[in-house]
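Good morning, and thank you for coming. I would ask you to look at the structure on the screen while I take you through selected parts of it.

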Amino acid sequence: MTPPPLKWFMSNLFKAPAAFAVMALTFILALIAFRYTTRMVESNAKVLFYEETRDAEVAIQRHIQAYIDALYGMQSLFAVQDNISREEWKTYIESLGLLKRYPGIEGASFIRYLRNADKGAYENRPNEYASARARKIRPAGERTDYLVVDYDEPRGLLGFDIGSESMRRQAAERARDTGEPTATGPISFLNEQGESVGFLMLAPVYRSGAPHRNLEE
């Protein structure tokens with residue numbers, strides 16, 4: 001009677017300790033090789049991940065810096081001319097080619113600071129705009145002051161008081177107090193596709209000749 005293959009194999013294996021030792025050593029070496037290869041793959045994956053993360057971070061920083069540079073360009077316009085008309089603003093923004101050169105930018109606005117006492121005169125100023133609605137401050141209501149979107153290209157979203165929303169107001173006040181470009185956290189925007197999420201970058205424009213070397217001034 002022929003013994004079962006497995007029983008026969010094990011019986012002969014233990015009769016040959018050298019063969020058994022070789023097999024065990026081979027198994028151990030294979031296990032070590034497997035663990036080493038696994039560690040190398042994990043290490044390479046981590047290196048690749050860190051490199052890709054670093055590259056993405058550098059690319060984002062470059063994009064943000066480009067947007068800040070564009071913002072400085074808009075800010076400088078008011079340094080050479082105090083009273084910019086809406087048409088001049090439109091011409092300037094178009095000459096920059098913002099939407100083509102900076103595809104992440106959806107629009108460029110000039111936001112005017114108004115005290116409550118100035119609200120009536122602002123809303124009843126000569127009809128420079130296409131409709132009376134564009135001259136009305138939104139949302140309606142009396143507030144101590146307003147931060148009103150006065151010019152906006154190319155969207156034309158005029159009259160919105162960004163000071164009525166806490167995150168936008170905080171960013172505007174931080175830019176005013178530090179003199180540096182400031183960004184909001186993620187906020188919702190309305191565009192042609194509906195609602196999207198982005199952030200608002202602001203740089204302060206001080207009245208020509210007004211001292212602003214420190215916070216008190």
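I begin with helix 3, whose face turned away from its buried side carries the exposed residues Glu 87, Glu 94 and Ser 95. Exposed here denotes a relative accessible area over 50%, buried one under 20%, and partly exposed what lies in between, using a 1.4 Å probe and protein chains only. Helices (H or I, at least four residues) and strands (E, at least two) are DSSP runs numbered from the N terminus.

Before going further, please note that this is a predicted model, in which local features need pLDDT of at least 70, side-chain atom pairs count only at pLDDT 80 or more, and totals for chains, interfaces and linings use all residues. Residues are numbered from 1 along each chain as its sequence is written, and side-chain values use heavy atoms, with hydrogens and water left out.

Which residues of helix 3 are buried? They are Trp 89, Tyr 92, Ile 93 and Leu 96. Viewed down the helix axis, the buried residues of helix 3 fall within an arc of 95°, so they line one face of the helix; the arc is taken from the directions from the helix axis to the C-beta atoms. Just after helix 3, Gly 97 adopts a positive phi of about 60°.

Let me turn to the aromatic residues. Across the whole structure, a search finds 5 aromatic pairs. Rings of Phe, Tyr and Trp (its six-membered ring) pair if their centres lie within 6.5 Å; planes under 30 degrees apart count as stacked, over 60 as edge-to-face and the rest as tilted. In one of these pairs, Trp 89 and Tyr 151, the ring centres are 6.3 Å apart and the planes are at 40°, so the pair is tilted. This pair links distant parts of the chain, with Trp 89 in helix 3 (residues 86-96) and Tyr 151 in strand 2 (residues 145-153), 62 residues apart. Trp 89 is buried, at a relative accessible area of 1%, and Tyr 151 is buried too, at 4%.

Tyr 151 also forms a tilted aromatic pair with Phe 110, at 5.6 Å centre to centre and 35° between the planes. Because Phe 110 lies in strand 1 (residues 108-115) and Tyr 151 in strand 2, this pair ties together parts that are 41 residues apart in sequence. Phe 110 counts as buried at 12% relative accessibility. Together, Phe 78, Trp 89, Phe 110 and Tyr 151 form one aromatic cluster.

My next residue is Arg 168, in helix 6 (residues 166-178). Is Arg 168 buried or exposed? With a relative accessible area of 12%, Arg 168 is buried. The side chain of Arg 168 reaches the backbone oxygen of Ser 188 at 3.2 Å. Leaving out residues up to four places away in sequence, Arg 168 touches Phe 160, Ile 162, Thr 184, Ile 187, Ser 188, Phe 189 and Leu 200, where contact means heavy atoms within 4.5 Å.

By contrast, Ala 140 is exposed, with a relative accessible area of 70%. Ala 140 is found in the loop between helix 5 (119-123) and strand 2.

I close with the chain as a whole. The protein chain has 6 helices and 6 strands, and buried residues make up 26% of its 217 residues.

How values were computed: A polar contact is a pair of N or O atoms within 3.5 Å; within protein, one must be able to donate a hydrogen and the other to accept it, and residues adjacent in sequence count only if both atoms are side-chain atoms.
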